[in-house]
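User: Can you walk me through this model? I'd like to go over a few sites.

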Amino acid sequence: MTPRPWLSARNRRDIGILVVLSLLLTLALPSPPASAGANLVANGGLEAMGGDGFPVCWERSGWGDSPYTFDVTTQAHTGTKAMQITLAQTAPGDRKAMMLEDASCAPTVTPGHQYDLGVWYTTTTPNTVMTVFRHDVAQGWVYWTDLATLPVTTSYQHQVVRTPQVPPGTDQIVWGVTIYGAGTLRTDDYTMEDVTQPAPGTTACTAGTACTKGVWQVMPFNTPVRAIHAVVLHNGDVLLVAGSGNNLDDFAAGTFKTAVYRPSTGTFTDVPTPADLFCAGHVQLADGRVLVMGGNKDYPSADGTVGYKGLPDSFVFDPATNSYSRVNNMTAGSWYPSATVLGNGDVISLGGLNENSSGMVATQYFDASQERWLGLNEANQTWSFWGLYPSMILMQDGRLFYTGSHVFGNGLPGTGASIYNYDANTITPVSGLQNKDERDQSMSVLLPPAQDQRVLTMGGGNIDTNPDANRLTDLIDLKQAAPVYTAGPLLPTGAGQTPSQGKMYVSAVLLPDGKVFETGGALHNRADPVYEASMFDPVTNTFTAGMATDPVPRGYHSSAFLLPDGRVMAVGNNPGDGTFDMRVSVYSPPYLFQGARPQILSMPDNTWAYGSANTITVDGPVLKAELIRPAAVTHSSDPNQRFVDLPMTVTGTTISLNLTSNPNLAPPGWYMLFVVGANGVPSVAKWVKVG
Ligand SMILES: [Cu+2]
């Protein structure tokens with residue numbers, strides 16, 4: 001690093017002391033230890049002051065209406081200067097002291113490298129977060145990511161956090177600490193070191209096409225039930241729910257089915273099923289039990305004048321006993337309801353068809369502490385029809401984003417996407433979704449990491465007008481004040497497809513390496529399966545086409561989901577002739593062929609509080625760690641699927657993992673903890689209970 005003219009006397013003195021120290025070490029030891037990397041932060045000690053009364057290479061930044069002050073205080077960690085920000089109220093917005101976004105101040109970085117960012121601080125509010133922007137050679141300065149929160153402390157504490165690998169096309173970054181709650185934040189002595197881990201060995205993958213495409217295996221057994229719903233349980237088992245399974249004879253006979261699949265043994269356990277849970281909604285509660293709501297009250301009339309009718313019944317499935325127990329009914333029947341868990345552990349369910357086969361317009365609110373659905377007058381009501389299986393994704397501020405992904409026919413009137421604020425009882429349209437009336441059985445995912453608040457919506461068709469399903473994708477950044485969708489890259493085409501043909505019945509699975517695996521689907525209503533699979537990279541916003549394809553058709557009533565061992569399981573398919581495919585496919589992604597998997601050797605505590613630092617030990621270099629919420633998926637809909645980045649403080653093979661302080665980013669419940677080593681190779685998951 002070139003010396004800079006504004007280096008203060010104190011900085012120069014420190015460098016002098018370091019020189020003396022290293023001379024002493026050189027004398028005392030046969031060979032000096034490898035020196036720590038250079039501090040890449042300009043004026044990290046904040047001692048050099050600029051003409052504007054703020055440290056050189058730093059600026060006052062942020063937005064919002066809360067009154068605030070920026071000060072330079074003598075209550076420093078070292079030297080005589082530290083930066084201090086006071087926010088008077090907790091209100092929308094934030095303030096942060098940031099490194100200057102200019103070529104001489106912003107630390108220079110190398111794509112693919114990782115950096116340890118360190119800061120000494122005190123704070124009276126836990127509502128703080130380390131925020132990083134990157135300079136993209138094509139786009140200029142853009143937000144990159146949020147890293148660790150800083151726990152409250154009145155005496156100076158040191159926080160060090162490791163960045164993810166720097167994305168391609170990045171040449172510089174800036175960072176600082178954001179305060180977004182009422183309180184005072186003081187920071188000093190910023191450091192940044194390159195800690196890039198060398199890739200262990202250069203053992204080339206010897207698994208042939210599996211090295212780049214992965215490989216599918218069809219299991220030598222079938223599911224004993226029509227696997228329309230799949231929920232990954234925190235004991236590693238998979239709950240498969242059929243109810244009557246779209247089979248009128250079974251419905252007439254009162255034959256309703258559920259099975260629990262154990263991947264480690266390939267065995268199934270039948271579970272008595274108390275009602276027709278065919279096309280119910282489901283979501284994991286904070287304690288790992290599964291809340292199931294609605295289902296099928298009756299099949300359509302023989303003359304077709306009356307459609308499916310929704311059940312108001314609701315149950316809780318307990319993995320400890322493999323049994324359902326009844327809770328109170330919802331305020332209306334719901335066939336094809338959504339289910340989204342909130343930051344407080346409660347659940348909101350919207351949409352579906354009611355007991356009369358018309359649109360269910362109530363907001364169904366499950367109070368988790370009382371373990372009951374609230375009455376109509378106890379919950380806020382907008383009396384809106386949200387369609388069938390509306391994809392409602394929890395945002396970091398507690399609102400719900402309706403992505404426009406839905407099941408059956410056209411999208412909702414208007415723009416076809418919106419933001420629902422339960423507390424304020426408002427619905428705000430979101431524009432930009434392409435062809436909103438051809439997004440029937442598209443799929444939406446909150447992209448990794450959840451902290452970035454970006455959603456990708458893929459594909460879709462329309463069972464009424466039955467066009468060729470499309471290749472459209474749409475991206476949105478929910479961090480914006482008024483987010484709008486923008487067009488994303490087209491889905492790759494499948495074998496034998498023309499350039500205009502895509503897929504509905506999309507399955508999309510968040511993988512532990514931070515990519516999204518997209519698989520399955522069909523071109524038309526319950527017909528013409530599409531054999532295509534691709535990998536979406538949220539860092540580059542591109543699909544890698546040509547991943548290995550599931551040999552089993554996966555259209556209507558199919559699902560794919562991540563197993564705790566890092567593989568992807570796919571089930572179901574219910575074509576127009578009324579048959580159901582009972583085969584099970586399992587996909588091993590390319591990362592399972594790239595060398596030894598990192599191991600989590602110990603984890604003293606598997607219950608993590610919000611804003612906590614949690615220690616694990618591992619057996620080698622780890623590039624990132626995250627929590628992935630286990631699947632609860634049906635009909636291309638799993639709005640609770642999320643990948644929560646865990647900023648790391650690394651000391652050899654001991655790693656401290658920082659859990660966000662915001663429950664809306666990681667709603668309470670059981671998560672799969674993965675660590676990821678070189679080449680994106682993930683560990684097997686350990687289970688962690690959040691909140
Ligand atoms: Cu269905």
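User: Start with Arg 289. Is that residue buried or partly exposed?
Analyst: Buried, because its relative accessibility is 17%, under the 20% cut-off. Bear in mind that this is a predicted model.

User: What does Arg 289 pair with?
Analyst: Glu 371, through a salt bridge. The closest N and O atoms are 2.6 Å apart. Glu 371 sits in the loop between strand E24 (364-367) and strand E25 (372-373), and Arg 289 in the loop between strand E16 (281-284) and strand E17 (290-293), so the pair ties together parts that are 82 residues apart in sequence.

User: And Glu 371, buried or partly exposed?
Analyst: Partly exposed, with 32% relative accessibility.

User: Which residues make up the salt-bridge network there?
Analyst: Asp 287, Arg 289 and Glu 371 are linked in one.

User: How many salt bridges in total?
Analyst: The count is 18.

User: What about Arg 567? Which partner?
Analyst: Asp 565. Their side chains meet in a salt bridge, 2.9 Å from N to O. Asp 565 is partly exposed, with a relative accessible area of 21%.

User: Switching to the metal. Which protein donors does the copper ion have?
Analyst: Cys 279 (SG), Tyr 336 (OH), His 557 (NE2) and His 635 (NE2). They lie 1.9 to 2.4 Å from the copper ion.

User: What geometry do the 4 donor atoms give?
Analyst: Tetrahedral, because the angles they subtend around the copper ion run from 90 to 130°. Four donors count that way if all angles lie between 85 and 135 degrees.

User: How are the donor residues spaced in sequence?
Analyst: The pattern is C-x56-Y-x220-H-x77-H. As for the two histidines, His 557 is in the loop between strand E39 (542-544) and strand E40 (559-562), and His 635 is in the loop between strand E47 (632-633) and strand E48 (643-645). The pair therefore ties together parts that are 78 residues apart in sequence.

User: Are they buried or exposed, His 557 and His 635?
Analyst: His 557 is buried, at 1% relative accessible area. His 635 is buried as well, at 3%.

User: Which UniProt domain covers residues 260-578?
Analyst: The unreviewed UniProt entry annotates those residues as "Glyoxal oxidase N-terminal".

User: What's the helix and strand content over residues 260-578?
Analyst: The chain there is 0% helix and 32% strand. The end C-alpha atoms are 24 Å apart.

User: Last one: Trp 144. Where is that residue found?
Analyst: In strand E7 (residues 140-146). Trp 144 counts as buried, at 9% relative accessibility.

User: What does Trp 144 touch?
Analyst: Leaving out residues up to four places away in sequence, the contacts are Val 132, Phe 133, Arg 134, Thr 163, Pro 164, Gln 165, Val 166, Pro 167, Ile 173 and Asp 452.

Key: Residues numbered from 1 in each chain as written. Predicted model: local features only at pLDDT ≥ 70, side-chain atom pairs only at ≥ 80, totals over all residues. Heavy atoms only, no water. Donors = N, O, S within 2.8 Å, 3.2 Å for Na, K, Ca; no water. Tetrahedral: all angles 85-135°; square planar, octahedral: opposite > 155°, others 65-115°. Helix = DSSP H or I, 4+ residues; strand = E, 2+ residues; numbered from the N terminus. Buried < 20%, exposed > 50% of the residue type's maximum accessible area, 1.4 Å probe, protein only. Contact = heavy atoms within 4.5 Å. Salt bridge = Lys/Arg side-chain N within 4 Å of Asp/Glu carboxyl O. UniProt positions renumbered as here; feature names shortened; annotations may be inferred.
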